[in-house]
Amino acid sequence: MKTSILTSIAIVLIVGGATAGGAPQRGRSPAAEQPPPTVTPQEYPARLVEAGEPRFAARCGFCHGRDAGGGEGGPDLTRSELVAEDTYGDRIRDLLRSGRVAGDMHAFDLGDEEFTLIVAFIHDRKTQAELAMGGRRFVEADDLRTGDASAGQRYFNGAGGCAQCHSETGDLAGIASRFEGLALLRRMLYPAFGRPAPAPATVTVTLPTGETLIGELASQDEFTIALIDSDGASHSWSTNEVEFTVDDPMATHFDLLGAYTDDDMHNLYAYLETLR
Amino acid sequence: MRNPGTRLAVGLGIVAALAVFANAQGVDPARFAEPPIDNWLTYHGDYSGKRHSPLTQITVGNLDRLTQAWRFDTGQPPSIKGTPVLVDGVLYVTTPDNLWAIDARTAEELWHYTYPMNDAFHIGHRGAAVHGDNVYLTTPDAHLLALDAGDGTLRWDVEIADSSRGYWSTNAPLVIRNHVIVGVSGDFDNLPGQLKSVDADTGETQWIFYSTPPPGTPDSISGGATGGQMWMSGTYDPELNLMYVGTGNPTPVLNGEARPGDNPWTGAIVALNPDTGELVWGYQTSPHDTHDWDAAEVPVLVDGTFDGEERRMLLQASRNGYFFVLDRTNGENLLTAPFTTVNWAMGLDERGRPIPDPEKEPKPDGVLVAPNEAGGTNYRSPSFDPETGLLVVSAQDGFGIYFYKPDHGAYGWAGADYNIAGKSFLRAIDYRTGEIAWSHPIGDGPGAAGVLTTASGLTITGDIPGNLMVLRTSDGETLWHAPIGRVGNGPITYMLDGRQYVVVGARSSLYAFALEE
């Protein structure tokens, strides 16, 4: 048997075509449920996939689940944009070499053979996920549709304070077309998780001379603060040498996590879903 | 047993190792009850789990002379997430499938044992254990190996649990007399929680304690739950002859409907007789857990005054965000208080146990829960400072979203959850009140490092950006730091040739710091 992603996509298209004229299968939008499609069709012999399964479990399974469907701390790889864009391991190889500093994933030094097996298994799982509708441990967009959009809009403009930074005709226009289901919910709750913040923090640094610099926060820990100025130049200082204030739009998102009721969260999500 | 011929030890430095051991009589576990001074003989340094050193050569006043003495690189990508042990001048440090013996004076590799390739989880490793002239190593496929401490030769290899069923091990065994007590992990399958004691000399099984019903037995109390794995090293009170170990979350993990009730002894601290494996008492910090919160964190044994009375206590900062003080003679609760942001409990019951809010159980449309799956704290060891009465712990204010619907089934994870955001702090908890004496930010996201305190008033740990830090224990002020990379677990300290060393693993390296000579 050969596992062909090209074939899989063809099947998905046929299924999609068959339901396009009527109600979506099981009452949900197939577009919202489908993982991001594989960009470049690839083929992996079944023997590689089979040999890759235990290697994946050993190296990756703790975080990503033994079936690549997500596990302790690690995302569902069958719904990963990076895997969708990967061609025979090119994107995955780069990630394994560098690790993911923000996501707490260390670098992996795999031999060529093991790497090939693991890539084959990941792509096979992705193919299976593209074929399957609503496999286990998936969060369906329909599951999330329990809120009241008008209550969410009131929260947006009132208690949530969202309108202080966002607007439905500005930055959030069409947000529900760009992000759907779980991706939209997670972005609503904390847009900076595992990715650069859409609105970076700015920092104002006052030097001992009294000179003031303002720029995008590049990095910060207890001992060093660094910014990138409007010309793109990097600057860094010991935190005990300068005065500084950081304005981080993500701080408001973090504070809201402690303030939302679950109803607030579902209502706000329902409101954002109307912004198509 | 496996054929010892599969060993891949590197022989370099064996002569040096033999020279070191020529004067050693082997390690008597009776020494594990003493505070660590010129050795660090167990995962925790001693039986108490306090990770507090009586050493005072390095002080608040001389940190400007604290400098790197040596560095040992494993040459492999996995981080060192364990604690090394030091036995008479030789350090033993581990990563999954690997154990190195290193000369503690020079960082020279004496030998390196590599376990054969296996298909179990390679998530991390906590460390080695010693008894006589054996060094013990658990493996990802849940075997226990006894190696010759002198040259790394494999003496025996026994299976602790069947890895083909989903067990694995990261455990640093706890050694009590001739018992080598080994725990395992396994969250992706519905498996009984098991802790096994084997004979230190022969590897023969002595007893098995099951935290949930063993296979083939009628379920009397657990409510249908499996799990409750004891994947962290326990602690031991020699006078009471009781060992204490934390048990993990129940399985299925997020589906609580399939296992009604409190699900003992998951999410619990259990007190066992180490000679028989018999349960003497148990206390659930997380009854009916549905958020993957282990109570596996270190049960720290402290003697002192509580409410004006001398008590033998057990302290735990638990993964669910609550701090507990128990009377360790009988499991009586003395105090429960949150040490991180928590929103999942409706209050405390008459035994001081948090009462889970059904509204915060995983739901089809998701619930926002604090802490998240990474926990209010995790495996990284805390430290207790007797002078101030503070338990210093790596803590996280975190939020996650939890999903479960019947379609997710009742096997393994049985649901979905996602960390949303978190901020981490080093927090000092006053055991007498549960109040936070100070809270020192250490970065965004979960984790950071284990903690060591010293009698000279120092707290040694790491932050999330990757600095090794020395803080003043009384107020949490940073006094010194070195950017060495993310620290994996608690630093250790010992005296060697009149010089106090601080040894810590960060990424793939082990670092030693000492005062400039």
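Author: Residues are numbered from 1 along each chain as its sequence is written, and chains are lettered from A in the order in which they are written. In this predicted model, local features need pLDDT of at least 70, side-chain atom pairs count only at pLDDT 80 or more, and totals for chains, interfaces and linings use all residues.

Reader: What makes α8(A) roughly perpendicular to α12(A)?

Author: Helix α8 (residues 149-157) of chain A packs against α12(A) at an angle of about 100 degrees, with the axes 7 Å apart. Axes are lines fitted to C-alpha atoms, for helices over the stretch in contact, and angles run from 0 to 180 degrees between N-to-C directions. Because angles of 65 to 115 degrees count as roughly perpendicular, α8(A) is described in that way relative to α12(A).

Reader: Which residues of α8(A) and α12(A) meet?

Author: Among them are A:Tyr155 and A:Phe156 in α8(A), and A:Leu268 and A:Tyr271 in α12(A), where contact requires C-beta atoms, placed from the backbone, to lie within 7 Å.

Reader: How many residues of chain A are in contact with chain B?

Author: In the model, 37 residues of chain A are in contact with 36 residues of chain B. The largest share of the chain A side, four residues, comes from α3(A).

Reader: How do you know where pLDDT stays under 50 in chain B?

Author: pLDDT, the predictor's confidence in each residue from 0 to 100, stays under 50 over residues 1-24 of chain B, although the mean for chain B is 93. Where pLDDT is low, the predicted coordinates should not be read in detail.

Conventions
Contact = placed C-beta atoms within 7 Å. Helix = DSSP H or I, 4+ residues; strand = E, 2+ residues; numbered from the N terminus. Parallel < 35°, antiparallel > 145°, perpendicular 65-115°, else oblique.
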